[in-house]
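Morning, everyone. Please take a look at the model on the screen, and then I'll walk through a few spots.

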Amino acid sequence: MTEKTATQNCLNCKRSENEIPLVTLRYSEKPMFICSHCLPMLIHHPETLIGKFEGAENIPPAEHHD
Ligand SMILES: [Zn+2]
């Protein structure tokens with residue numbers, strides 16, 4: 001039997017890859033998935049994702065260019 005890959009969900013909003021494009025990330029040697037809607041949050045406001053995944057509190061926010 002062929003093993004089917006489980007449907008993945010965004011680590012933040014929990015929407016599935018069937019609803020919205022998910023970006024695959026690797027962090028702390030583990031894969032994780034975030035959707036295109038939540039990706040900017042990870043880049044600019046990673047502190048809002050603390051508690052969503054392990055080590056989120058260690059990610060520095062990108063520089064702002066206002
Ligand atoms: Zn999301």
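First, a term: a residue is buried if 20 or more other C-beta atoms lie within 10 Å of its own, exposed if 12 or fewer, and partly exposed in between, with C-beta atoms placed from the backbone. Now the source. This is a predicted model, where local features need pLDDT of at least 70, side-chain atom pairs count only at pLDDT 80 or more, and totals for chains, interfaces and linings use all residues. Residues are numbered from 1 along each chain as its sequence is written.

Start with Cys38. Is Cys38 buried or exposed? Cys38 counts as buried, because 22 C-beta neighbours sit inside 10 Å. Cys38 lies in the loop between β2 and α1 (39-44). Helices (H or I, at least four residues) and strands (E, at least two) are DSSP runs, numbered from the N terminus.

Next, contacts, meaning C-beta atoms, placed from the backbone, within 7 Å. Leaving out residues up to four places away in sequence, Cys38 touches Cys10, Asn12 and Cys13.

Now the core. A nonpolar core is a set of buried Ala, Val, Leu, Ile, Met, Phe, Trp, Tyr and Cys residues joined through C-beta atoms within 7 Å. The largest one has six residues: Cys10, Leu22, Ile34, Cys35, Cys38 and Leu42.

Last, the loop between β1 (22-27) and β2 (30-35), where we find Ser28. Glu29 is in that loop too. Phi of Ser28 is positive, near 50 degrees. For Glu29, phi is about 65 degrees, also positive, and Glu29 is not a glycine. Why is Glu29 exposed? Because Glu29 has 5 other C-beta atoms within 10 Å. Ser28 is exposed as well, with 9.

Methods:
Two residues are in contact if their C-beta atoms, placed from the backbone, lie within 7 Å.
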